[in-house]
Amino acid sequence: MLDLQRLRALHAVSVHGTVGAAAASLGFTPSAVSQQIAKLERETRTVLLEREGRGVRLTDEAWQLVDTAAELLAIVERAETRLEERRGVPAGRLTIAAFASAARGLLPSVLADLAVRHPALDARLTEVDPHLSVDLVAKGAVDLVVAHDWDIAPLPAPDGVEQAPIGEDLCDLLVPEGHRLAGRTAVRRAELGGERWICQPPGRVCHDWLMRTLRGAGHEPDIVHQADENPTLVALVAAGLGVALIPRLGRGPLPAGVVEVPLDPMPVRRLYALWRTGAARRPAIAETVRTLRAHWPTVAARTGPTRQAAAHARPHPGRTSDGPHRASAF
């Protein structure tokens, strides 16, 4: 008789790629996961993991077991969903994956709200890149995902995964105080040529958008500094080293020396919640999605334009005082 928890450990390694990452997703130590797989190897009289450099790789026999494990875990999920649905109360463990700024700017208030109203629900958050998180929820590694997309890179929803919109996050151009654009109420994209840009690395959506947008306007982007996290990008702008395009969600108060200027039309990224179709009727999923959507208007209002931006603003030549119009996406 194969042990389900040992199959779950093997499945987690197949999804996350390493024993350490699998352990983190399951809430165990790497040693505990290794022991579970070692016991599974003894039970099946089969080598399942082989050393490869500093990591491991799954054998062909292991991948066959992974397919079986995925089927069994889906059956267990359906059974748990039916039981929770009969009770009608959000309960049990709910694993959530969210991209960095959502984990910082949206999830804390949502998780605190859920903890107060639903003490039987054990919601747990992991910060994950949005492009990776969709695959994690599809494979059953997490229960719910908060991800985002832009019009140049629509969010994929593979078969067996459902999604619901949460809200739209606006993006601003950040420039050093005293910059030629610092006093403007709006800047058109055609005016962005000749700037020194601070941006996320290639492969990130913000980086791709910047390259396509400036090239579409006839400008070759000059990216002088690259960093993964928004606070680092803001700090580089504050030092006068360039300009950056950064979403408002999770950005936090701007330091002295940084001014936000709206682009016209304004860039927008869309936030979504995603979950597996098999768990769609689970009260924990439904209540968490409802809470995410209920908290978004407050979060969006809190991340509006700063007083600093308003203080620096002066009318754009040839434009009304209404400022930039907002596009649904860029």
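Select Leu4 and show its neighbours. Beyond residues up to four places away in sequence, Leu4 touches Leu72, Leu73 and Val76, where contact means heavy atoms within 4.5 Å. The model is predicted; local features need pLDDT of at least 70, side-chain atom pairs count only at pLDDT 80 or more, and totals for chains, interfaces and linings use all residues. Numbering starts from 1 along each chain as its sequence is written, and side-chain values use heavy atoms, with hydrogens and water left out.

Stay on Leu4. It is found in helix H1; helices (H or I, at least four residues) and strands (E, at least two) are DSSP runs, numbered from the N terminus. Leu4 is partly exposed, at a relative accessible area of 27%. The scale is: buried under 20%, exposed over 50%, partly exposed in between (1.4 Å probe, protein chains only). Now draw a C-alpha distance to Gly20, 16 residues along the chain: 20 Å.

**Along H1 to Ala12**

Select Ala12, also in helix H1. Buried or exposed? Ala12 counts as buried, at 7% relative accessibility. Leaving out residues up to four places away in sequence, Ala12 touches Gly17, Ala22, Ser25 and Leu26.

**H1 against H2**

Two packed helices are described by the angle between their axes and the distance between the axes. Show H1 with helix H2 (residues 19-26): the axes come within 8 Å and cross at roughly 120°. Axes here are lines fitted to C-alpha atoms, for helices over the stretch in contact, and angles run from 0 to 180 degrees between N-to-C directions. H1 is therefore oblique to H2. Angles under 35 degrees count as roughly parallel, over 145 as roughly antiparallel, 65 to 115 as roughly perpendicular and the rest as oblique.

The crossing of H1 and H2 is right-handed. That word applies if the near helix is turned clockwise from the far one by less than a right angle, and left-handed if anticlockwise. For the contact, select Arg8, Ala9, Ala12, Val13 and His16 of H1, with Val19, Ala21, Ala22, Ser25 and Leu26 of H2. By class, the contact of H1 with H2 has seven nonpolar, two polar and one charged residues. Ala, Val, Leu, Ile, Met, Phe, Trp, Tyr, Cys and Pro count as nonpolar, Asp, Glu, Lys and Arg as charged, and the others, Gly among them, as polar.

**H1 against H3**

The axes of H1 (residues 4-16) and H3 come within 9 Å and cross at roughly 115°. That makes H1 roughly perpendicular to H3. H1 passes H3 in a left-handed crossing. Gln5, Arg6, Leu7, Ala9, Leu10 and Val13 in H1 meet Val33, Gln36, Ile37, Lys39, Leu40 and Glu43 in H3. Seven of the residues in this contact are nonpolar, two polar and three charged.

**Into the core**

Next, the largest nonpolar core, with 27 residues. Such a core is a set of buried Ala, Val, Leu, Ile, Met, Phe, Trp, Tyr and Cys residues joined through side-chain atoms within 4.5 Å. Elements giving two or more residues include strand E5 (144-149) and helix H10 (283-302). H10 gives the most, six residues.

Select Leu106, among those with the most contacts inside the core. Outside four places in sequence, Leu106 touches Ser101, Ile166, Leu249, Leu271, Leu292, His295, Trp296 and Val299.

**Last stop: His148**

His148 lies in strand E5. At 9% relative accessibility, His148 counts as buried. Its contacts, leaving aside neighbours within four places in sequence, are Phe99, Pro130, Leu155, Arg269, Arg270 and Leu271.
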